[in-house]
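Hi there,

Here is the structure I promised to pass on to you. Have a look at it first, and then read my notes below.

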Amino acid sequence: MTIEDLPVSGVLATIGATPIVELARLDPHSPFKTFAKLESHNPGGSIKDRSALEMLRDRILDGRLVPGRSVVVESSSGNLGIGLAQVCGYHGIRFICVVDPRTNRQNIAIMRAFGAEVEVVTDVDPATGEYLPVRKRRVRELVATMDHAYSPNQYANPLNPRAHRTTVREIIDALPRLDYLFCATSSCGTLRGCAEYIRAHHLPVTIVAVDALGSAIFGPPVGGRLIPGHGASVRPELYRDGLADIVIRIDDLGTVVGCRRLASHEAIIAGGSSGAVVAALDSMRDHIPPGATCALVFPDRGERYLDTIYDDDWVTTHFGDVTHLWRKPEMEAASC
Ligand SMILES: Cc1ncc(COP(=O)(O)O)c(C=O)c1O
């Protein structure tokens, strides 16, 4: 019996098997087909539900994590924290999530609603100016000082990429062919899990990694970044050279425009990294051959970005008047 076969019950049994939809309206004249895997349909609202479950499942089922005794501790600014809060909440296991002041208040509220404890670090690391090293240090401290504490450590845990063998398999099974796969990156769990499966099965798929311009995953960061989710301030241990065939880094404006184009053209309100993936596809349009099939992984839903990406005042403050970048031609005509 493998871990994948171990039983999972209740709401946790609804993790995965997310829908895949064709995006025919983003570019009605596109000579290639584009599909989106809607990971927002996981019960905790994101792709990280898969990683959270995979990283805890065997420990819960074989008794290494015990309700009333064990404590799970992790650093996360959002989606993984919510996924872990849900898995721990379902099983009655104590969970402490270490976050920083940039963490969206709604994410903290969701974790608390699942019964998680949330600890906010307030200082940045003096060497890097980033919160992430401080959050990771605090997790190590908690694990070292608490009895029966365990940290999944999404940035280095091989069970994180392993969770995405099902993600990529679901995409391959749903489509008659697959030529390009676009994945947003942070811990590199999705990218590595999908890439290892594709390479192991010798599938002729071009893997496109989509990162934030201010991230350190694929090279030195360029500038800051406003939008959380994809990107990382330190290269994760899960990173390996050669996971992606193509790397595309998208800036914050590109991310916003991708999200707002998705909303106005496809009626999909998705999170920032999904917008970055759309922007990456747009940047490659002239290089994708006619007849090809592209799959885009959309990691989360847009409700967690209503105060930023979907708030016109926030967008204008940061980028000026850019609404023309996502209006549909018929909307332009109506506004004349
Ligand atoms: C919104 C969003 N997009 C993309 C990613 C990247 O996924 P991964 O950690 O598998 O690289 C994450 C990870 O937390 C995320 O929250």
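**Salt bridges and a helix**

Let me begin with K37, which is buried, at a relative accessible area of 2% (buried means under 20% relative accessible area, exposed over 50%, partly exposed in between, with a 1.4 Å probe and protein chains only).

Before going further, two notes on the source. This is a predicted model, in which local features need pLDDT of at least 70 and side-chain atom pairs count only at pLDDT 80 or more, while totals for chains, interfaces and linings use all residues. Residues are numbered from 1 along each chain as its sequence is written, and side-chain values use heavy atoms, with hydrogens and water left out.

Now back to K37: its partner in a salt bridge is E170, with 2.6 Å between the closest N and O atoms. A salt bridge here is a side-chain nitrogen of Lys or Arg within 4 Å of a carboxyl oxygen of Asp or Glu. K37 sits in strand β2 (residues 33-38) and E170 in helix α6 (residues 164-174), so this pair ties together parts that are 133 residues apart in sequence. Helices (H or I, at least four residues) and strands (E, at least two) are DSSP runs, numbered from the N terminus.

The count of salt bridges comes to 21. Another of them joins R260 and D312, at 2.7 Å from N to O. R260 belongs to helix α8 (residues 252-266) and D312 to helix α10 (residues 312-319), so the pair ties together parts 52 residues apart in sequence. R260 is buried, at 12% relative accessibility, whereas D312 is partly exposed, at 44%.

D62 and R64 also form a salt bridge, their closest N and O atoms being 3.0 Å apart. Here D62 is partly exposed at 46% relative accessibility, and R64 is partly exposed at 42%. There is a network of salt bridges too, linking D27, R261, D282 and R285.

Next, have a look at helix α7 (residues 189-200). Its twelve residues reach 16 Å from first C-alpha to last, close to the 16 Å expected; the expected span is 1.5 Å times one less than the number of residues. How many of the twelve residues of α7 are buried? Nine are, so the helix is mostly covered. Among them are L191, C194, Y197 and I198. The buried residues of α7 pack against α5 (159-162), α6, β7 (180-184) and β8 (206-212), where contact means heavy atoms within 4.5 Å. Just after α7, H202 has a positive phi of about 50 degrees.

Enjoy exploring!
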